[in-house]
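Colleague: I am new to this structure and would like to learn how to read its features one by one. Could you take me through them slowly, giving the general idea before each case?

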Amino acid sequence: MLVYGDRSERADPSERLDAIDRELRQIEILPWSGERHARLRNALIEVGRLLQGVADAEFAVAGLDGRSAASDAIGDLLLLIAQALCRSWDKGFRGELSLPPAPRGLGMPSAVELKTPEGYSFYAVYPEAYAQAARSLDLRRPARVIGIRSIGTSLAAMTAAAIGAPRPVTVRPFGPPYERRIALSDELAQHLLDDRDADFLIVDEGPGQSGSSFGGVADWLEAHGVAEDRIIFLPSHQGSPGPRASERHRQRWSRARSVVADLSGQIPALLEAGTNFERP
């Protein structure tokens, strides 16, 4: 039996941004190849981990998800890297890369907890799968993307990049395991809901046994006037919420639009092309 814990590391976010910037400058000068694409993907994952750590630190202080200069700037960097990764994917890893500099002077805490996204390490979750899934939706309205932290941070950026959506909002569900909910500041809620007629894509690796992280985000959207048919789920597998999920969440899941982000059929070719992950 395999048992995976909630692995994390404590890091100085400013030092981590400096290291990310050095890696981006190295990636820029690499010739096009599967290796360059893989390193760009790993940069996406690392910036996603950093945004998760900073956002979670802010959540711990405020007791809700909000906006800050640091989280906005790192979110912008993450989206730009996701856009570059989409271009690399679309062009078969070819073409020149122009990558953004890492932001500076963000007033971040001296240390944050960076979680290890288990989906990348153990479950063959690929960010590119979320780009393909989002594009398959044939969206007819503007879209807003919500990533569920932790892994949903980078997956949401890839989703938004693929469909030309604005920078995603990330949220940290909290509460009892089968009754997760979210809380947003008025500023962040207004930013997210500036177009209530948009389609709202909720992005995460799950659903797990409860499906309550997906469900808690959908509950919040409906409570704030978003129609159920505007809510779309992007999970990484075909399974429904587990048997201990609430009846409300199971019923919504069965009715909702969803598309599975799955590259399993393409993994042999990806590995042959040299785009396998360096495990976080």
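Modeller: Let us begin with burial, where a residue counts as buried under 20% relative accessible area, exposed over 50% and partly exposed in between, with a 1.4 Å probe and protein chains only. In helix H6, 11 of the 12 residues are buried, so this helix is largely enclosed by the rest of the structure. Among the buried residues of H6 are Gly152, Leu155, Met158 and Ala162. Before we go on, please keep in mind that this is a predicted model, in which local features need pLDDT of at least 70 and side-chain atom pairs count only at pLDDT 80 or more, while totals for chains, interfaces and linings use all residues. Residues are numbered from 1 along each chain as its sequence is written, and side-chain values use heavy atoms, with hydrogens and water left out.

Colleague: How are helices such as H6 assigned, and what span should the 12 residues of H6 have?

Modeller: Helices (H or I, at least four residues) and strands (E, at least two) are DSSP runs, numbered from the N terminus. The expected span of a helix is 1.5 Å times one less than its number of residues. For H6, residues 152–163, that gives 16 Å, and the end C-alpha atoms are 16 Å apart, which agrees. Just after H6, glycine 164 takes a positive phi of about 70°.

Colleague: Which residues of H1 are buried, and which are exposed on the other side?

Modeller: Helix H1, residues 13–29, has 17 residues and reaches 25 Å from its first C-alpha to its last, close to the 24 Å expected. Its buried residues are Pro13, Arg16, Leu17, Ile20, Asp21, Leu24 and Ile27. Seen down the axis of H1, these buried residues fall within an arc of 145°, so they line one face of the helix; the arc is that of the directions from the helix axis to the C-beta atoms. On the other side of H1, Glu15, Arg22 and Ile29 are exposed.

Colleague: What do the buried residues of H1 pack against?

Modeller: Here contact means heavy atoms within 4.5 Å. The buried residues of H1 pack against strand E1 (8–11), helix H2 (34–62), helix H3 (69–90) and strand E2 (112–115).

Colleague: How should I read a salt bridge, and how many salt bridges does a search of the whole structure find?

Modeller: Side chains of opposite charge can pair when their charged atoms come close. The criterion is a side-chain nitrogen of Lys or Arg within 4 Å of a carboxyl oxygen of Asp or Glu, and a search of the whole structure finds 30 salt bridges. In one of them, the side chains of glutamate 35 and arginine 39 meet at 3.9 Å, N to O; both residues lie in helix H2, four residues apart, about one turn of the helix. Glutamate 35, at 48% relative accessibility, counts as partly exposed.

Colleague: Where do arginine 172 and aspartate 56 lie?

Modeller: The side chains of arginine 172 and aspartate 56 meet in a salt bridge of 2.7 Å, N to O. Arginine 172 lies in the loop between strand E4 (169–171) and helix H7 (186–192), and aspartate 56 lies in helix H2, so the pair ties together parts that are 116 residues apart in sequence. Arginine 172 counts as buried at 17% relative accessibility, and aspartate 56 counts as buried at 14%.

Colleague: Which residues are in contact with glutamine 52, leaving aside its neighbours within four places in sequence?

Modeller: Glutamine 52 has its place in helix H2 and, at 1% relative accessibility, counts as buried. With those neighbours left aside, glutamine 52 is in contact with Glu113, Leu114, Lys115, Arg149, Ser150, Thr153 and Arg172. A polar atom of the glutamine 52 side chain lies 2.8 Å from the backbone nitrogen of lysine 115.

Colleague: Finally, how should I read the protein chain as a whole?

Modeller: Its secondary structure comes to 10 helices and seven strands. The radius of gyration is 18 Å, close to the 19 Å that the globule rule gives for 280 residues, so the chain is as compact as a globular protein of that length; the radius is taken over C-alpha atoms, and the rule is 2.2 Å times the number of residues to the power 0.38. Of the 280 residues, 54% count as buried.

Methods:
A polar contact is a pair of N or O atoms within 3.5 Å; within protein, one must be able to donate a hydrogen and the other to accept it, and residues adjacent in sequence count only if both atoms are side-chain atoms.
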